[in-house]
Amino acid sequence: MTLMELMISVGIATMFVLGVIILTQFTLNQGLFAIANYTDLNAKSRQTLDRLSRDIRSSSQVTAFATNSISLTNLDGTGFSYTWDGSNQLVRTYAGSSTTMLTNCDYLCFNIYQRNPSNNFIFYTATNIAQAKLVDVSWHCSRQYLGAKLNTESVQTARIVIRN
Amino acid sequence: MKIQIHRKRREQGTMLLVTALIAVVAGSTLAYFLTRAQQESFVVNRSEAWNKALVVAEAGIEEGMSLINRNNGNSTALTNWYTGASADGWTVSTSSGNDLYTISRDLGNGMGSYSVSLTNSPTGPVILGIGKVTCKNSLMGSDTVSRKILVYASSSSAFPGALTVKSTINMSGNNVTIDSYDSSDPLHSYWPTYPLAPGYGTYTNTGSTPNTPRKANGNVATDGSIINVGNAQIYGHADTAPGGSTSVGANGSVGNVTWVDAGNQGIAPGYSEDDMNVVFPDVTVPATNWTTFSGSSITNSGNYAMDSIGGNFSITASNVVLYLTNGINLSGNKTVSIGPNSYVTIYAGGTINDGGNGVINNGSQHPVQMIVYGLPSLTSITLHGNGAMFAAIYAPEAAVSYKGGGNSGGFNGALTGSSVVLTGNSTFSYDESLARLNMKSGYVIQSWTELTGP
């Protein structure tokens with residue numbers, strides 16, 4: 001084997017190996033990022049749903065309502081609220097301090113109902129906040145990879161009955 | 001120039017290195033994937049257990065509510081729930097001077113377990129339910145998730161409003177008026193000027209004529225879907241079950257005193273709702289010794305059993321409980337008279353029929369002094385022909401017919417029935433002091449709190 005032959009062989013082999021490595025890295029990274037994203041999305045959504053459902057369940061009444069925001073009062077008279085900014089964050093406010101519960105939240109909607117179920121688990125819509133005894137909330141969040149929305153979590157939906 | 005290469009040795013070393021490198025990369029990647037998946041599995045498992053624990057804890061609260069409502073429908077025995085606690089499987093002990101009732105249950109099949117503690121505080125029963133569910137937190141290990149719910153229960157009034165029914169309320173004809181007053185309030189009832197005996201006020205519904213003591217809590221409510229107000233004047237609210245409707249005729253009016261007295265037609269803003277949701281427990285006859293009675297006048301306190309009251313009847317004893325198998329039937333100017341210091345509780349089956357100028361509770365004209373519990377066999381209550389009644393009636397299986405048309409009569413008190421029909425010239429006045437009586441229909445949850453501490 002001449003030196004020229006060796007250099008050409010090494011060059012081609014290097015290019016091939018680099019290509020394989022880059023492709024593998026790209027694929028692995030996508031997979032790893034996807035898993036990291038899903039884990040993060042699941043964890044944040046689950047944490048938010050657990051906190052929100054516990055808050056609403058123990059509250060005494062709804063004091064203000066919009067499809068992107070809801071305020072409630074506890075039995076001890078203290079108030080708290082959950083507000084979605086319309087494009088990104090869901091923020092919980094309690095006793096003057098705010099906590100960001102969700103980020104990259106693309107959609108969120110609150111609805112209020114009466115406690116009484118109709119047929120097929122459909123609840124009667126509350127026409128005013130005094131009637132509200134059930135809060136319906138839906139949202140979905142996404143994460144980005146290389147500037148694109150790689151993973152979008154399926155919509156989270158919950159119906160929480162105010163116990164008081 | 002020729003280059004000498006010892007191919008075998010160098011190839012072997014390179015291959016080993018590459019293989020080791022690939023193995024490390026593949027192994028690390030696999031380990032990462034598996035760790036993430038395992039972590040996700042544990043988190044999901046814990047979340048499931050956390051949510052399940054709440055349901056299990058609430059199951060415990062349900063068992064506690066079931067215990068304290070074991071005498072539901074029997075107002076005199078309602079608060080004696082603790083007498084049968086041991087027989088129901090509860091353990092009774094004493095804690096800080098108070099009796100403590102506890103019970104624990106394992107739901108089996110990995111559903112978890114709950115333990116309930118119940119005590120009788122001065123404000124009513126207090127129930128603590130703790131739900132426990134086991135979940136995996138590692139490959140070999142497990143953890144127990146628990147949630148605690150604290151509930152304060154209170155008894156609900158058997159007479160919360162003027163007319164409360166399970167199905168429909170139908171008013172027809174003119175001059176039907178429903179309002180409220182308060183016999184314990186001199187400003188909202190007619191009190192004697194001096195010496196203020198017997199300590200309560202009376203009231204006369206003047207129809208649509210302005211009336212100084214009048215209040216606007218003559219609420220009509222149904223668990224059904226229809227209230228037909230017709231041309232009636234209702235000084236109060238109208239409330240149906242969700243999805244129900246309240247219809248008002250051309251001359252009908254529902255609202256506060258100012259609204260109705262001003263001649264407004266229709267429903268005042270905020271005086272109609274559709275959020276009624278109430279359970280009406282059936283009444284049971286108290287387990288006590290009944291003295292058979294067949295006379296027409298009771299002068300000694302006690303528990304008496306009779307077939308029915310069909311003529312003039314008087315009660316002057318201070319505290320009388322009557323069990324009437326076939327109810328009350330009055331006509332031809334007959335009266336049931338209750339003395340000014342007498343309190344009567346009636347458990348009635350059959351029918352209650354008050355007509356022909358008959359008056360029930362003619363003496364005191366104070367509804368608080370005559371409480372009528374309709375047994376499931378009491379299916380009809382009729383007031384007609386100038387009949388008058390001053391009583392609080394809880395008869396969830398009775399169809400009530402109130403036929404006016406006379407020039408006197410009326411109903412003061414409160415009425416709970418299966419359905420109600422009111423025709424022309426009927427007046428109905430709710431005595432608000434009835435809501436404050438110790439006549440309760442059952443225990444309901446007053447407050448529900450999840451305890452977050454250890």
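Predicted model: local features only at pLDDT ≥ 70, side-chain atom pairs only at ≥ 80, totals over all residues.
Over all chains, the count of salt bridges comes to 15.

## Salt bridges

In chain A, the side chains of A:Arg159 and A:Asp136 form a salt bridge with an N to O distance of 2.9 Å. A:Arg159 belongs to strand S10 (residues 156–161) of chain A and A:Asp136 to strand S8 (residues 134–145) of chain A, so the pair ties together parts that are 23 residues apart in sequence. A:Arg159 has a relative accessibility of 42% and therefore counts as partly exposed. A:Asp136, in contrast, has a relative accessible area of 8% and is buried. Chain A also holds a network of salt bridges that links A:Asp40, A:Lys44 and A:Arg143.

In chain B, B:Arg436 and B:Asp182 form a salt bridge whose closest N and O atoms are 3.0 Å apart. This pair links distant parts of the chain, 254 residues apart: B:Arg436 is in the loop between strand S33 (427–431) and strand S34 (440–451) of chain B, and B:Asp182 is in the loop between strand S8 (177–181) and strand S9 (220–222) of chain B. B:Arg436 is exposed, with a relative accessible area of 52%, whereas B:Asp182 is buried at 5%.

A further salt bridge of chain B joins the side chains of B:Arg214 and B:Asp261, at 3.9 Å from N to O. Here too distant parts of the chain are linked: B:Arg214 lies in the loop between S8 and S9 of chain B, and B:Asp261 lies in helix H2 (residues 257–261) of chain B, 47 residues apart. B:Arg214 is buried, with a relative accessible area of 4%, while B:Asp261 counts as partly exposed at 30% relative accessibility.

| Salt bridge | N to O distance |
|---|---|
| A:Arg159 and A:Asp136 | 2.9 Å |
| B:Arg436 and B:Asp182 | 3.0 Å |
| B:Arg214 and B:Asp261 | 3.9 Å |

## Chain B as a whole

Chain B contains 2 helices and 34 strands. Its radius of gyration is 33 Å, well over the 22 Å that the globule rule gives for 454 residues, so chain B is more spread out than a compact globule. Taken along the principal axes, the C-alpha atoms of chain B fill a box of roughly 140 × 55 × 40 Å. Of the 454 residues of chain B, 46% count as buried.

## The open sheet of chain B

An open sheet of chain B is formed by 8 strands with parallel pairing, in the order S13-S10-S7-S32-S30-S28-S25-S22. Strand S13 (245–248) and strand S22 (327–330) of chain B stand at the edges; each has a single partner strand, so one side of each is left without a neighbour in the sheet. From one strand to the next, the twist averages 10°.

Within this sheet, strand S7 (residues 169–171) and strand S10 (residues 226–230) of chain B pair in the parallel sense over 2 bridges, and B:Ile169 stands opposite B:Ile227 in S10(B). S22(B) runs parallel to S25(B), joined by 4 bridges, with B:Asn329 opposite B:Asn353 in S25(B). Another 4 bridges join S25(B) to strand S28 (residues 380–383) of chain B, also in parallel; B:Leu383 in S28(B) is the bridge partner of B:Asp354.

The side chains alternate along strand S25 (residues 351–354) of chain B.

## A covered strand of chain B

Strand S29 (residues 388–394) of chain B is mostly covered, with 7 of its 7 residues buried. B:Ala388, B:Phe390, B:Ala392 and B:Tyr394 point one way, and B:Met389, B:Ala391 and B:Ile393 point the other way.

S29(B) has parallel pairings with several strands. Strand S26 (residues 359–360) of chain B is joined to S29(B) by 2 bridges, and B:Ile360 stands opposite B:Met389. Strand S27 (residues 370–374) of chain B pairs with S29(B) over 3 bridges, B:Val372 having B:Ile393 as its bridge partner. Strand S31 (residues 410–417) of chain B is joined to S29(B) by 7 bridges, and B:Ala391 stands opposite B:Gly413 in S31(B).

## A surface patch of chain A

A:Phe16, A:Val17, A:Val20 and A:Ile21 form a nonpolar patch on the surface, with about 370 Å² of accessible area together. A:Val17 is placed in helix H1 (residues 3–58) of chain A and counts as partly exposed at 41% relative accessibility.

Note on methods: Residues numbered from 1 in each chain as written. Chains lettered and ligands numbered in written order. Heavy atoms only, no water. Patch = residues over 30% accessible without salt bridge, like charges linked within 9 Å, V, L, I, M, F, W, Y side chains within 5 Å. Areas by Shrake-Rupley, 256 points an atom, 1.4 Å probe, with all protein chains shown as cover. Salt bridge = Lys/Arg side-chain N within 4 Å of Asp/Glu carboxyl O. Buried < 20%, exposed > 50% of the residue type's maximum accessible area, 1.4 Å probe, protein only. Pairing = 2+ DSSP bridges. Axes fitted to C-alpha atoms, helices over the stretch in contact; angles between N-to-C directions. Rg over C-alpha atoms; globule rule 2.2 N^0.38 Å.
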